[in-house]
Amino acid sequence: MAALPPFSVANPNFRKSLCFFSLSNVLYPLKSVYSSRSFSVSSTLRQVPSSPLSGFDIQPYLSCSMPEKQLKVAVLLSGGVDSSVALRLLHAAGHSCTAYYLKIWFQEDFDNYWAACPWDEDLKYAKAVCDQVDVPLEVVHLTNEYWSNVVSYIIEEYRSGRTPNPDILCNTRIKFGAFMDAISTMQFDYVASGHYAHVIHPFSKSGASGLKLSCDMVKDQTYFLSHLSQDQLKCLLFPLGCISKGEVRRLATLMDLPNKDRKDSQGICFLGKVKFSEFVAKHIGEREGILLEAETGDFLGKHCGFWFYTIGQRQGLGLPGGPWYVVAKDIQHNVVFVSRNYFSLDKKRRTFQVGSLKWLSGAPPDQLDQLQCKVRHGPGFYDCSVKIEPGASRHEDRAVVHISEDDQGLAVGQHAAFYRMKTCLGSGVILDSLDEQSFPICAKALDIAKMEDKTKLGQPVKIYTQVNAANAKKRKETLQAPFASSFMNWLKKFRGTLRMF
């Protein structure tokens with residue numbers, strides 16, 4: 001696995017590369033640049049009442065906002081509903097807030113990026129939200145830091161056949177890494193965001209902060225925060241950790257937020273409206289390879305590069321008679337193995353290895369045999385046991401993880417996050433599966449994968465499907481029907497002839 005890129009904050013020129021702009025220097029020039037583009041948020045947003053919560057008891061929703069203290073808080077504001085409600089809750093709790101919008105992705109040579117630019121719309125929503133309660137908004141450009149610490153690493157991982165997690169990297173290296181370093185001299189007590197997670201801070205400064213599950217298990221985002229350090233965690237505040245997504249939407253309506261009806265963002269954090277396949281093709285390119293059925297070695301079709309596929313993927317294969325799943329990749333020979341039997345009971349994955357371990361408390365937990373594990377974002381957990389294999393240093397430690405149930409979607413490069421009850425303990429990067437019974441590839445398929453001249457394979461085989469079988473049966477019946485009718489007519493005549501004698 002490629003080494004994680006060093007934090008660019010270690011660069012003595014780092015602060016020089018950061019650009020802070022007041023909104024007056026950023027927002028209004030955009031109007032002249034994009035004057036030909038329509039935009040749904042009008043200038044009437046400034047006329048929204050500043051105190052729409054009159055008569056509403058907000059106190060029950062402030063339990064994750066430290067209402068008992070007077071704090072100076074830097075709030076990461078994306079223009080979405082979640083971060084906007086988080087800002088309003090912190091404001092309602094009596095804290096002195098400054099909002100920051102991070103502009104982290106821009107490539108001038110990406111053909112369709114400016115045609116569907118996401119950040120100008122986000123920024124206008126963010127400003128409208130801040131205007132309601134007179135909270136200052138600053139724009140921070142971290143494009144170079146994001147490229148060197150996140151995007152370039154992701155490209156290299158995909159090129160190596162692994163599947164990284166951009167959101168985890170963005171949290172650890174940008175939102176709560178480069179940004180926190182950039183504002184370190186501004187004496188903020190905490191940095192807040194709209195994440196669905198609950199940080200428990202100790203009463204004494206010598207104690208360790210902990211990361212708890214959100215009360216909304218579906219939206220819970222502790223998985224994406226599981227690779228933070230203790231130094232990062234102790235500086236964070238997540239006002240939405242104690243309320244559900246439904247309550248957030250209700251609060252947005254009660255607060256009459258200008259983005260109250262805005263849909264949640266989907267997809268990879270840095271791509272905006274750019275398609276993932278376009279991004280990969282742009283930075284890694286395309287190279288023709290073949291699709292082989294894992295069990296038979298049948299040549300089923302072609303693809304544009306193994307880096308477009310991840311283990312467990314079923315979309316985008318273009319094969320009939322599915323569902324088909326990606327079960328393995330031969331990186332050296334650019335071959336993708338697929339199967340329709342992905343969830344067969346004889347193809348188990350329960351044991352895997354994890355590296356790049358990071359524990360939120362700063363050290364591994366004392367007991368590792370009764371934990372829970374997430375191998376992807378979502379409400380699902382596995383019971384698991386973890387065995388540490390010490391390296392030359394703690395940063396080089398690895399762990400062997402055994403989960404309680406089969407999971408056939410383990411993707412090398414993704415993270416496994418560990419929990420004890422409702423507390424997130426930390427996470428590591430999945431390296432490989434150690435099961436002897438991980439998905440088997442037949443000898444014929446392995447031999448074909450190694451062929452240098454794959455043009456000798458000829459045309460892909462015709463995939464036999466249930467639809468094909470039904471059509472074949474229908475054609476057979478159609479062809480047999482005239483013969484059967486003629487035979488019965490002949491038989492009747494023959495019987496009639498016999499009666500004459």
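Buried means under 20% relative accessible area, exposed means over 50%, and partly exposed is what falls in between. Keep that handy, and remember that the model you're looking at is predicted.

**Exercise 1: Two polar residues on the inside**

Task: Find out what the side chains of aspartate 407 and serine 226 reach.

Solution: 
- Step 1. Start with aspartate 407, in the loop between β16 (398–403) and β17 (415–420). Its relative accessibility is 5%, so aspartate 407 counts as buried.
- Step 2. Look for its polar partners. The side chains of aspartate 407 and tyrosine 382 are joined by a polar contact of 2.6 Å. The aspartate 407 side chain also reaches the backbone nitrogen of leucine 410, at 3.5 Å.
- Step 3. Skip residues up to four places away in sequence, and aspartate 407 touches Arg349, Val375, Arg376 and Tyr382.
- Step 4. Move to serine 226, in the loop between α7 (222–225) and α8 (230–233). Serine 226 has a relative accessible area of 0%, so it is buried.
- Step 5. List what the side chain of serine 226 reaches. The backbone oxygen of tyrosine 223 is at 2.8 Å, and a polar contact of 3.0 Å links the side chains of serine 226 and serine 427.
- Step 6. Beyond four places in sequence, serine 226 touches Lys358, Leu360, Ala417, Cys424, Gly426 and Ser427.

**Exercise 2: A residue in between**

Task: Say which strand holds aspartate 432 and which residues it contacts.

Solution: 
- Step 1. Aspartate 432 belongs to strand β18 (residues 423–433).
- Step 2. Its relative accessible area is 31%, so aspartate 432 is partly exposed.
- Step 3. Leave aside neighbours within four places in sequence, and the contacts of aspartate 432 are Phe352, Gln353 and Val412.
- Step 4. Compare sequence with space: aspartate 432 and glycine 413 are 19 residues apart in sequence, and their C-alpha atoms are 8.7 Å apart.

**Exercise 3: Two helix pairs**

Task: Work out how α5 lies against α6, and how α3 lies against α9.

Solution: 
- Step 1. Helix α5 (residues 143–159) packs with helix α6 (residues 166–182) at an angle of about 165°, their axes 10 Å apart.
- Step 2. Angles over 145 degrees count as roughly antiparallel, and α5 and α6 are therefore roughly antiparallel to each other.
- Step 3. Find the contact: α5 residues including Tyr146 and Tyr153 and α6 residues including Leu169 and Arg173 make it. The crossing of α5 past α6 is right-handed.
- Step 4. For helix α3 (residues 81–92) and helix α9 (residues 245–254), the axes come within 10 Å and cross at roughly 70°. That makes α3 roughly perpendicular to α9.
- Step 5. Here Val81, Asp82, Val85 and Leu89 of α3 meet Lys245, Val248, Arg249, Leu251 and Ala252 of α9. The crossing of α3 past α9 is left-handed.

**Exercise 4: The whole chain**

Task: Find how many helices and strands the chain has, and what share of its residues counts as buried.

Solution: 
- Step 1. The chain has 12 helices and 18 strands.
- Step 2. Of its 501 residues, 48% count as buried.

Definitions and conventions
Residues numbered from 1 in each chain as written. Predicted model: local features only at pLDDT ≥ 70, side-chain atom pairs only at ≥ 80, totals over all residues. Heavy atoms only, no water. Helix = DSSP H or I, 4+ residues; strand = E, 2+ residues; numbered from the N terminus. Buried < 20%, exposed > 50% of the residue type's maximum accessible area, 1.4 Å probe, protein only. Polar contact = N/O pair within 3.5 Å; in protein donor to acceptor, adjacent residues only side chain to side chain. Contact = heavy atoms within 4.5 Å. Axes fitted to C-alpha atoms, helices over the stretch in contact; angles between N-to-C directions. Parallel < 35°, antiparallel > 145°, perpendicular 65-115°, else oblique. Left-handed = near helix turned anticlockwise from the far one by under 90°.
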